[in-house]
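The sequence and the model are shown first, and the description follows.

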Amino acid sequence: MASHTPVTDRILGAVQRTQGCDLDTLTNSLSDLSWSQVFLEIDRLSRQGQVQVTLDTGGRYMIRLPEHKQGLITEGI
């Protein structure tokens with residue numbers, strides 16, 4: 001498995017801790033990163049299948065870990 005950058009690890013950790021959240025909440029929780037930095041990394045992670053991005057009925061982009069990845073972050077795999 002490719003090593004994660006600190007930004008990647010922080011984003012994946014935040015998504016796992018919240019068990020899914022919207023993009024704005026995620027960006028606010030990582031206040032030292034710009035919205036663009038978070039968005040670009042979420043885009044990359046989504047394309048790699050490491051996160052799932054969906055649009056909820058309120059027009060918010062929701063980010064969560066795929067079902068098969070739920071326990072992998074805490075186990076360090």
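## Overall architecture

Read from the N terminus, the elements of the protein chain follow the order α-β-α-α-β-β-α. The chain thus holds four helices and three strands, where helices (H or I, at least four residues) and strands (E, at least two) are DSSP runs numbered from the N terminus. The model is a predicted one: local features need pLDDT of at least 70, side-chain atom pairs count only at pLDDT 80 or more, and totals for chains, interfaces and linings use all residues. Residues are numbered from 1 along each chain as its sequence is written, and side-chain values use heavy atoms, with hydrogens and water left out.

Of the 77 residues of the protein chain, 30% count as buried. Buried means under 20% relative accessible area, exposed means over 50%, and partly exposed lies in between (1.4 Å probe, protein chains only). Among contacts (heavy atoms within 4.5 Å) in the protein chain between residues at least 6 apart in sequence, 41% join residues at least 24 apart.

## The nonpolar core

A nonpolar core is a set of buried Ala, Val, Leu, Ile, Met, Phe, Trp, Tyr and Cys residues joined through side-chain atoms within 4.5 Å. The largest such core has 15 residues, and those with the most contacts inside it are I11, L26, V38 and I42. Helices α1, α2 (23–29) and α3 (35–47) each supply at least two residues of this core. The most is given by α1, with four residues.

Leaving aside its neighbours within four places in sequence, I42 is in contact with I11, L23, L26, V51, V53 and I63. One of these partners, L23, has its place in helix α2. L23 is buried, since its relative accessible area is 9%. Beyond four places in sequence, L23 is in contact with W35, V38, F39, I42, Y61 and I63. L23 and V53 are 30 residues apart in sequence, and their C-alpha atoms are 9.1 Å apart in space.

Helix α1 has 13 residues and reaches 18 Å from its first C-alpha to its last, close to the 18 Å expected at 1.5 Å a residue. The expected span of a helix is 1.5 Å times one less than its number of residues. Within α1, T8, I11, L12, G13, A14, V15 and Q16 are buried.

R10 is also found in α1, but R10 is partly exposed, with a relative accessible area of 32%. The C-alpha atoms of R10 and L30, 20 residues apart along the chain, are separated by 8.0 Å.

Q19 is found in the loop between α1 (6–18) and β1 (21–22). Its phi is near 55°, a positive value in a residue other than glycine. Q19 is exposed, with a relative accessible area of 71%.

At 1.5 Å a residue, the 13 residues of α3 should span 18 Å, and its end C-alpha atoms are 18 Å apart, which agrees. In α3, V38, E41, I42 and L45 are buried. They cover an arc of only 105° around the axis, which puts them on the same side of α3; the arc is that of the directions from the helix axis to the C-beta atoms. On the other side of α3, L40 and R47 are exposed. The buried residues of α3 pack against α1, α2, β2 (52–55) and β3 (61–64).

The axes of α1 and α3 come within 10 Å and cross at roughly 80°. Axes are lines fitted to C-alpha atoms, for helices over the stretch in contact, and angles run from 0 to 180 degrees between N-to-C directions. The two helices α1 and α3 are therefore roughly perpendicular to each other, a term that covers angles of 65 to 115 degrees. The contact is made by V7, T8, I11 and L12 of α1 and V38, E41, I42, R44 and L45 of α3.

## Beyond α3

Just after α3, G49 takes a positive phi of about 80°. G49 is touched by P66, which also touches Q50, V51 and Q52, not counting residues up to four places away in sequence. P66 lies in the loop between β3 and α4 (72–75). At 3% relative accessibility, P66 counts as buried. P66 and V53 are 13 residues apart in sequence and 9.5 Å apart in space, C-alpha to C-alpha.

Key
Parallel < 35°, antiparallel > 145°, perpendicular 65-115°, else oblique.
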